[in-house]
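This report goes through selected local features of one protein model. The sequence and coordinates come first, and the description follows.

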Amino acid sequence: MFLKTHFIRIAAPLLLTPSLHAAEIKIPDPLAAPDGQLATTPDAWMANVRPPTLQNFREQIYGVRPVEKPADFQAKVIREDPQALDGTATLKEIEITYSGPGGSGKFHPLLLIPNSAKSPAPTFLLFSFGKPDASIEKEKFGAWPVREIIARGYATVAFHVSEVDPDRADGFAEGVRAIFSKQPLAPNAWGALSAWGWGASRVMDYLETDKAIDAKRVALIGHSRCGKAAVWAGAEDPRFSYVISNNSGCSGAALARTKQGERIINITTKFPYWFCENYRKYADHEADLPIDQHQLLGLIAPRLLYVASATQDSWSDPAAEFESCVRAQPVFRLFGKKGLESETQPAPDQAMLDGGIGYHLRTGKHDLAVSDWQHYMDFADRHWK
Ligand code: GTR
């Protein structure tokens, strides 16, 4: 039986699950090394806590990336329009190519850079559910408000995750995982979320070479399954200086041990290929996990982190997403950063932008809305400029 939490679930009343009573749940300490020793300095945490924590997430949940930048990696601009979006932006379509033992692959990020920029532009990198198209600002699964992003002085780039590794149970043969791994996959082999994160790192490899981009200020953003991929990619690749989880829920920002709505059993039944096989062991056995998702958020520290929930998104469980942020704070504080602006979940649509961890609870359904983007850019304005 799933144990309910003893600690407070801080949420707007409509989100509260009725009665949550006693029953001790042990949540791992994000400052603890495997021997139980608590890190008291950033150096100690980086040396003794971060590496084994990251390795646990690889081994038990998302799987191990077998390769980083492939030897024959290439990124080329294959289309450029200096007068995109009514002359406000330069559009570049990039082709990223690579090969490995299982064949070759390619994908096509679409980049928009503000023409008003006088210096390299900070950039928002979006994991996209569909083929990015600068003329469509509302894709099927969330907004990509390119005109507004450009008007605010940010560049933005999006790539279609299924071009890197198809988002289908039988998609393996057509994606990057088949190029670098063989079936049957090892129990700790990378799942699709990890493969998508690998794609984001390859987009970063390109961005680092584009003089119009400030590669020290690149934000990773994803919604829902892509929000899970974004947080995981941000943990794997410290080049991203700001990581945004939009309604990522189960196996994303939300604490597994207190999770209501979708749980590991649901997600590993419906989407087993997103994860490594080892993760299935924890279906209905959350307490056996050596880690929990607040430690994943902790792996972003001391970089910027933003987590957002939506009032009607009980499947993602806003209370468990917020609780995870609260419990990630010690890592940010160790680095001298403020955690959340407040430990009380804010009223709907009141963004907390003042800490190293931003948070808001949008009124409405599971979605990536333009108003979410506005908060993410406000947070960047405040902390990057
Ligand atoms: C749901 C899944 C969620 C979330 C969502 C999505 O069906 O259970 O975890 O990832 O899909 O990505 O749209």
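The side chains of Arg 217 and Asp 214 are joined by a polar contact of 2.5 Å. A polar contact is a pair of N or O atoms within 3.5 Å; within protein, one must be able to donate a hydrogen and the other to accept it, and residues adjacent in sequence count only if both atoms are side-chain atoms. The model is predicted, with local features needing pLDDT of at least 70 and side-chain atom pairs counting only at pLDDT 80 or more, while totals for chains, interfaces and linings use all residues. Residues are numbered from 1 along each chain as its sequence is written, and side-chain values use heavy atoms, with hydrogens and water left out.

Arg 217 belongs to strand 9 (residues 213–223). Helices (H or I, at least four residues) and strands (E, at least two) are DSSP runs, numbered from the N terminus. With a relative accessible area of 22%, Arg 217 is partly exposed; buried means under 20%, exposed over 50%, and partly exposed in between (1.4 Å probe, protein chains only). Not counting residues up to four places away in sequence, Arg 217 touches Pro 120, Pro 122, Thr 123, Ser 241 and Trp 384, where contact means heavy atoms within 4.5 Å. Glu 262 is 45 residues from Arg 217 along the chain, and their C-alpha atoms are separated by 33 Å.

## Ligand site

Ser 224, Arg 225, Lys 228, Glu 262, Ile 267, Lys 270, Phe 271, Trp 274 and Trp 315 are the residues around the ligand, each having a heavy atom within 4 Å of it. By class, this shell holds four nonpolar residues, one polar and four charged. For this division, Ala, Val, Leu, Ile, Met, Phe, Trp, Tyr, Cys and Pro count as nonpolar, Asp, Glu, Lys and Arg as charged, and the others, Gly among them, as polar.

An N or O atom in the side chain of Arg 225 is 2.6 Å from a ligand oxygen. For Lys 228 the corresponding distance is 2.8 Å, and for Trp 315 it is 3.1 Å. On its own the ligand has 310 Å² of accessible area, of which the protein covers 85%; accessible areas come from the Shrake-Rupley method with a 1.4 Å probe, and for residues only the protein chains shown count as cover. Helix 7 (225–236) and helix 8 (264–270) are the elements that give two or more residues to the shell.

Ser 224, one of the shell residues, is in the loop between strand 9 and helix 7. Its phi is near 60°, a positive value in a residue other than glycine. Ser 224 is buried, at a relative accessible area of 14%.

## Nonpolar cores

A nonpolar core is a set of buried Ala, Val, Leu, Ile, Met, Phe, Trp, Tyr and Cys residues joined through side-chain atoms within 4.5 Å. The largest has 86 residues, and the members that touch the most others are Leu 125, Phe 127, Phe 159, Leu 207 and Trp 274. Helix 6 (residues 192–207) contributes the most to this core, 10 residues. Another core lies apart from it, with 31 residues that include Ile 149, Ala 158, Tyr 376 and Phe 379.

Beyond its neighbours within four places in sequence, Trp 274 is in contact with Asp 167, Gly 191, Ala 192, Leu 193, Trp 196, Arg 225, Lys 228 and Ile 267.

## Loop residues

Asp 210 sits in the loop between helix 6 and strand 9 and is buried, with a relative accessible area of 6%. Its side chain makes a polar contact of 2.5 Å with the side chain of Tyr 206 and reaches the backbone nitrogen of Ala 212 at 2.9 Å. Lys 92, Leu 111 and Ile 113 are touched by Asp 210, leaving out residues up to four places away in sequence.

The loop between helix 8 and helix 9 holds Tyr 282 and Asp 284. Tyr 282 is buried, at 7% relative accessible area, whereas Asp 284 is partly exposed, at 43%. Phi of Asp 284 is near 65°, a positive value in a residue other than glycine. Outside four places in sequence, Tyr 282 is in contact with Gln 60, Ile 264, Asp 288, Leu 289 and Pro 290.

## Cis peptide bonds

Gln 183 and Pro 184 are joined by a cis peptide bond, with omega about 0°. Pro 184 is in the loop between helix 5 (176–180) and helix 6. A cis peptide bond also joins Ala 301 and Pro 302, again with omega about 0°, and Pro 302 lies in the loop between helix 9 (293–298) and strand 11 (304–310).
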